[in-house]
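Please open the model in a viewer and keep the selection tool at hand.

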Amino acid sequence: MKIAVVGAGAMGEALLAGWIAAGTAPADIAIVDASEQRVTELEERHGVVGVDLAAAAHAETVVLAVKPYQIVGVLNDLRDELADGTLVVSIAAGVPLEVLEGALPGVAVVRVMPNAPALVGKGMAGIVPGASATGEHTATVTGLMDAVGRSLITDEAHLDALTALSGSGPAYLFYVAEAMIEGGVHQGLSRAEATELVNQTFVGSAAMLAESGRTATALREMVTSPEGTTAAALRALDDHGVRAAFLDAVEQCRLRSRRMAGR
Ligand SMILES: NC(=O)C1=CN([C@@H]2O[C@H](COP(=O)(O)OP(=O)(O)OC[C@H]3O[C@@H](n4cnc5c(N)ncnc54)[C@H](OP(=O)(O)O)[C@@H]3O)[C@@H](O)[C@H]2O)C=CC1
Ligand SMILES: O=C(O)[C@@H]1CCC=N1
């Protein structure tokens, strides 16, 4: 078994589905979850194999995808079961290497902050290798994350801020999409029409950010005709302090990530 995902919730499923879409055989992926029903659901949906933690501990790479407050319990259960040479990856927000490595002395550990678009091969992940992780371990993790999007090797000191942009960021964008759809409904469009208009506007705008080689500012200016409709809309967003709200949201997210670790 190549990969074991411990905690097959929203992000665990996004990663394993992304890996399968990228060519990993489902039989090479094992899952462990507190809920038997969830295991059966994912076995049926993806063809992966449900195992217990002792079996998962013999995978080449064990990905810990439980909630942050559940990690320590899992680490304690895992410690005596881990096979020699197993690489442990934690995707838990806010749980520092100090805690992970303290619970698994001598084990190669890598911290990763992935994001939900890994599900569709467009993820963005931050990677922080622990003290016992070799270049080969880091390359393994980079390979796993690049298979479902892109990755960046960073310092642990920057991981809370990275979480506040790419980790939680998809939720901010879905929130903006929801609000725009609501705006369209308020202006008389059907919900289906508004949804199609907004979803495709996100797809097109994201493609421009990715492919045009231009900055967000240049692209925003391109849409904003002098004395035009967009300028009127952006003025309303500024009047409502939307930019400041985003600055604060990113800060609150970073602080929450820090607080989760008790730092
Ligand atoms: N959601 C996201 O977009 C992202 C999440 N993350 C990180 O991923 C982790 C998981 O988040 P998310 O997927 O949203 O959370 P979920 O609650 O959806 O997933 C966690 C899963 O782990 C299960 N679980 C709990 N305890 C155990 C255990 N002892 N052994 C095995 N499975 C267990 C849970 O079961 P039950 O519900 O029954 O407790 C649940 O199915 C978090 O640490 C989060 O910080 C990182 C980046 C992005
Ligand atoms: O909301 C959370 O805590 C997780 C971590 C990053 C995205 N979701």
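UniProt positions are given in the numbering used here, feature names are shortened, and annotations may be inferred rather than shown by experiment. Residues are numbered from 1 along each chain as its sequence is written, while chains are lettered from A and ligands numbered from 1 in the order in which they are written. This is a predicted model, in which local features need pLDDT of at least 70 and side-chain atom pairs count only at pLDDT 80 or more, whereas totals for chains, interfaces and linings use all residues.

**The whole chain**

Begin by selecting the chain, whose C-alpha atoms fill a box of roughly 65 × 40 × 30 Å along the principal axes. The chain contains 12 helices and 8 strands; these are DSSP runs numbered from the N terminus, helices being H or I with at least four residues and strands E with at least two. Of its 263 residues, 34% are buried. A residue is buried if 20 or more other C-beta atoms lie within 10 Å of its own, exposed if 12 or fewer, and partly exposed in between, with C-beta atoms placed from the backbone.

**The annotated domain**

Next, select residues 2-94, which an unreviewed UniProt entry lists as "domain: Pyrroline-5-carboxylate reductase catalytic N-terminal". The end C-alpha atoms of this span are 26 Å apart, and the span is 39% helix and 19% strand.

**The two ligands**

Which residues come nearest to ligand 1? Among the 27 residues around this ligand, they are Gly7, Gly9, Met11, Ala92 and Ala93. Helices α1 (10-21) and α4 (71-79) each provide at least two residues of the shell, and α1 gives the most, with 3 residues.

The shell around ligand 1 consists of 16 nonpolar, 8 polar and 3 charged residues. Here Ala, Val, Leu, Ile, Met, Phe, Trp, Tyr, Cys and Pro count as nonpolar, Asp, Glu, Lys and Arg as charged, and the others, Gly among them, as polar.

Move to ligand 2, which has Ala93, Thr163, Gly167 and Ser168 around it. This shell has 1 nonpolar residue, 3 polar residues and no charged ones.

**The annotated binding site**

Now select Ala65, Val66, Lys67 and Pro68, listed by UniProt under "binding site" in an unreviewed entry. Lys67 sits in the loop between β4 (61-64) and α4, and Pro68 is also placed in the loop between β4 and α4. Lys67 is partly exposed because 14 other C-beta atoms lie within 10 Å; for Pro68, which is partly exposed, the count is 17.

**A pair of packed helices**

Two packed helices are described by the angle between their axes and the distance between the axes. Select α8 (residues 169-186) and α9 (residues 191-211): they pack at an angle of about 140 degrees, and their axes are 9 Å apart. Axes are lines fitted to C-alpha atoms, for helices over the stretch in contact, and angles run from 0 to 180 degrees between N-to-C directions. Helices α8 and α9 are therefore oblique to each other, since angles under 35 degrees count as roughly parallel, over 145 as roughly antiparallel, 65 to 115 as roughly perpendicular and the rest as oblique.

**Around α11**

Finally, select Glu227, in the loop between α10 (216-223) and α11 (229-239). Its phi is near 60 degrees, a positive value in a residue other than glycine. Glu227 is exposed, with 7 other C-beta atoms within 10 Å. Just after α11, Gly241 has a positive phi of about 70 degrees.

Terms used
A residue is near a molecule or strand if its C-beta atom, placed from the backbone, lies within 6 Å of it.
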